[in-house]
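Colleague: Before I use this model, I would like to know what stands behind the words used to describe it. Please set each value against its definition.

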Amino acid sequence: MLCTPFLYSWFGWRGAFFFWGLLTVPVVIIWLIVNDGQVAHTPVRVDIKAGLRSPAVWTLGLSHMGTFGLGNAMAAWIAVYLAHQYGLSLGLAATLGSLVLLTGMFFRPLGGILIGRGIIGAIPLLRLGTIMGFIGVAFLALPLRLPLLVVAGMALVAIGATIPYTSVFNEAARLRDVGKGVAQGLVSVISVPTVILGPPLIGFLFENTGNFSLAFGSILIFSAIAVISSFLSAPAVSRETISSRQSY
């Protein structure tokens, strides 16, 4: 993300996208030739209906909508937001936005470390992530031009979108009556509305109002659903979980 604005200035959008496309080629080749020592696959019964009937799957998926989904929706517009609010060039705005959002990648493994060491439970961490995302979007939606508020908002979104990642998929994998792959797959699908609907909704409202207050404010609807779901997930996951390990 950091290099894209500079690539755009040198080669245009097509050249920038072409560069990143070429970069994936050696990665795919390495992935194909690596011997990961995979053990023989044991067939298991796939029951999609069990997943669709599971309150735990739904609450985890809707919570994920306000973390991973929320982060993706906001990332699509953060450069335009900075350029519009503060008069920055699009390249500089994209670079600054990327710097803040990229910090989130350090918090994804941190979430796993915190859970693994018993510092915080999976569900409390999930709740924390959804709340951080909600507050971060609310900060960005305020009709104020305060740089510190913007930095705080972007940081909250970045951290809130990534730190509960382990919480969601670990808890989905531990459900008793739903297969691991089914549960994790459905959680990902349920979280998709923010990713698919968020960016065009922000664009539509920004185009018609000329500001980001209502545009970003509309994303708070998805975020509020995620916060509520994260609190409902504790009893749902507790009823359906495999072990009695305290995560709540």
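Modeller: The protein chain has an average pLDDT of 86, and 89% of the residues score at least 70; pLDDT is the predictor's confidence in each residue, from 0 to 100. This is a predicted model, in which local features need pLDDT of at least 70 and side-chain atom pairs count only at pLDDT 80 or more, while totals for chains, interfaces and linings use all residues. Residues are numbered from 1 along each chain as its sequence is written, and side-chain values use heavy atoms, with hydrogens and water left out.

Colleague: Where is confidence lowest, and where is it highest?

Modeller: Helix α5 (residues 90-102) has the lowest mean, 76, and helix α7 (residues 122-141) the highest, 95.

Colleague: What makes up the secondary structure of the protein chain?

Modeller: Twelve helices and zero strands. Helices (H or I, at least four residues) and strands (E, at least two) are DSSP runs, numbered from the N terminus.

Colleague: Which residues of α4 are called buried?

Modeller: I78, A79, Y81, L82, A83 and Q85. Buried means under 20% relative accessible area, exposed over 50%, partly exposed in between (1.4 Å probe, protein chains only). Buried residues make up 43% of the 248 in the protein chain.

Colleague: What makes a set of residues a nonpolar core?

Modeller: The members are buried Ala, Val, Leu, Ile, Met, Phe, Trp, Tyr and Cys residues joined through side-chain atoms within 4.5 Å. The largest such core has 25 residues, of which M74, Y81, V137, L140, I202, F212 and F216 touch the most other members. Its largest share, five residues, comes from α12.

Colleague: What does F216 touch, not counting residues up to four places away in sequence?

Modeller: M74, W77, Y81, V137, L140, A141 and I202. Contact means heavy atoms within 4.5 Å.

Colleague: Why are α6 and α9 called oblique to each other?

Modeller: Their axes come within 7 Å and cross at roughly 60°. Axes are lines fitted to C-alpha atoms, for helices over the stretch in contact, and angles run from 0 to 180 degrees between N-to-C directions. Angles under 35 degrees count as roughly parallel, over 145 as roughly antiparallel, 65 to 115 as roughly perpendicular and the rest as oblique. α6 and α9 are therefore oblique.
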